[in-house]
Amino acid sequence: MYDISNIKKKMLTRDNVIYLIKKYKTPIWVYNADIIIKQIKKLEKFDIIRFAQKSCSNIHILKLMKQYNIKIDAVSLGEIKRAILAGFQPNNNDIVFTSDILEEKVLQEVIQKKIPVNAGSIDMLKQIGKKSPGHPVWIRINPRFGNGHHIKTNTGGDTSKHGIWNPIKALSIINQYKLNLIGLHMHIGSGVNTENLYQVCESMKKNAIQLNQKIKFISAGGGLKIPYSSKDTETDLEDYFNKWNNTKKIISSTLKCPLKLEIEPGRFLVGQSGILISKVYAVKNMGKNTFVLINSGFNDLIRPTLYGSYHKITVIYNSIKNTKNTPIIKSIIAGPLCESGDVFTIKKTGIIFPRNLPKVKPGDYLIIHDTGAYGSSMSSNYNSRPFIPEVLYKNGKFKLIRRRQTIQEMLSLETSL
Ligand code: LLP
């Protein structure tokens, strides 16, 4: 039921990839709109789907989300501006600003545009309360436990900086400053295991009943896993929805107020839609190891280096001649950066981990799969390498949705003083 491999195959024909390479050069990000739409449909039972745009914040991706009635989670002034540019209405619950701090400029913006604030600290509530009494706010509760595919993506418990530990105290500040509490939110991490994900329902129930306020929304947060490798399991969405829907019903009948149930996915909506196409420039033997060096590095995709994340890698040969019976080689795929950790086949410990891949030579191409979430949005200019283009595949056509940054543009912050 959840299989999207056929949609993937449609975009990923050899002809299409070669067309993209010729037209836009490498490296390049490509997203498949059909996969995003399919993922949206899997969550349509939730009252509100709020896209965590940090996972993939291109304005054209946000526009696509808007066409499907998705709302937006923004975590910075830049993300608010992106959402507005994509057509989201700030005073219409379209955008919620989620953060643990409120800088002056973003405080001004949320007040001026009446954007609800999902507060991750008591100080935020005080700061907005002083300047904007009556402002709509959520409490982001830290349920005192968390989980994630890596310790760095666990956002619950006392080792995490996120959320409010004592919601009763938050409530007293909300009352003191006459803020308008509209929702309760929990997000315990990214790439969360099912057991921990389900515990959030219980914690939400307990906290909501204890706070006993006439709220309008509860949010289950994000965190849904996607299968990066064939061994990965997925959360049973039917079961997950039913658990949250029951939670909503119990809270709603106990508090005697109608409630809307939100979910706030990032990775789940876009992760599998994206690929990174790179070109092989060198193949080197270093003792027993074979290194395949490509033209994207952790400046483009940092997930393997930062978390030891696995991404499937496939080969597109420059020429299809003589590629039959190609030997399989234990290959270490690495980038161009002047840093040893610039490797895509690496474990959480930082130890390189060769992958069985068909033998390649300079001029061939590699596709790094499932890079739609936290790929481009986490890119940097490290080693002074410009941001690379993004292309969207929609209705059978490719459209450039971000052009390649020029070196001049990259340097202009320093040269245009
Ligand atoms: N809501 C909040 C408040 C969040 O902080 C996040 C993610 C999400 C929703 C969406 O989580 P998702 O559904 O995508 O798991 N860079 C890491 C992931 C960091 C997630 C940060 N917050 C990675 O590449 O795995």
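Helices (H or I, at least four residues) and strands (E, at least two) are DSSP runs, numbered from the N terminus. This is a predicted model: local features need pLDDT of at least 70, side-chain atom pairs count only at pLDDT 80 or more, and totals for chains, interfaces and linings use all residues. Residues are numbered from 1 along each chain as its sequence is written, and side-chain values use heavy atoms, with hydrogens and water left out.

**Stop 1: the two domains**

Colour residues 44-264 as domain 1 and 272-412 as domain 2. These bounds come from an automatic or database domain assignment. Contact here means heavy atoms within 4.5 Å. Domain 1 gives 18 residues to the contact, and domain 2 gives 21 residues. The C-alpha centres of the two domains lie 33 Å apart. About 1,700 Å² is buried between domain 1 and domain 2, and carbon and sulfur atoms give 55% of that. Buried area is the accessible area (1.4 Å probe) that two parts lose on being put together, summed over both.

**Stop 2: the barrel**

Eight strands close into a barrel in the order 2-3-4-5-6-7-8-9, with parallel pairing. From one strand to the next, the twist averages 30°. Two strands pair if DSSP finds at least two bridges between them.

Now pick strand 5 (residues 117-119). Three bridges join strand 5 to strand 6, and the two run parallel. Val 117 has Val 137 in strand 6 as its bridge partner.

Is strand 6 mostly covered or mostly uncovered? Mostly covered: five of its five residues are buried. Buried means under 20% relative accessible area, exposed over 50%, and partly exposed in between (1.4 Å probe, protein chains only). Pro 136, Trp 138 and Arg 140 are buried on one side, and Val 137 and Ile 139 on the other.

Go on to strand 9 (residues 260-263). Three bridges join strand 8 to strand 9, again in parallel. Ile 218 has Leu 261 in strand 9 as its bridge partner.

**Stop 3: helix 9**

Select residues 194-211. Helix 9 has 18 residues and reaches 26 Å from its first C-alpha to its last, close to the 26 Å expected at 1.5 Å a residue. The expected span is 1.5 Å times one less than the number of residues. The buried residues of helix 9 include Leu 197, Tyr 198, Cys 201 and Met 204. Among the elements that cover the buried residues are strand 6 (136-140), helix 8 (167-176) and helix 10 (237-255).

**Stop 4: Ser 252**

Ser 252 is in helix 10. Ser 252 counts as buried because its relative accessibility is 18%. Leaving aside neighbours within four places in sequence, Ser 252 is in contact with Cys 257, Pro 258 and Leu 259.

**Stop 5: strand 13**

Select residues 328-334. Four bridges join strand 11 (residues 289-294) to strand 13, and these run parallel. Val 292 has Ile 333 as its bridge partner. Four bridges also join strand 13 to strand 14 (residues 355-358), but these run antiparallel. There, Ile 328 stands opposite Pro 358.

**Stop 6: loop residues**

Pro 27 is in the loop between helix 2 (14-24) and strand 1 (28-32). The peptide bond from Thr 26 to Pro 27 is cis, with omega near -10°.

Arg 144 lies in the loop between strand 6 and helix 8. Its phi is positive, near 75°.

Note on methods. Axes fitted to C-alpha atoms, helices over the stretch in contact; angles between N-to-C directions.
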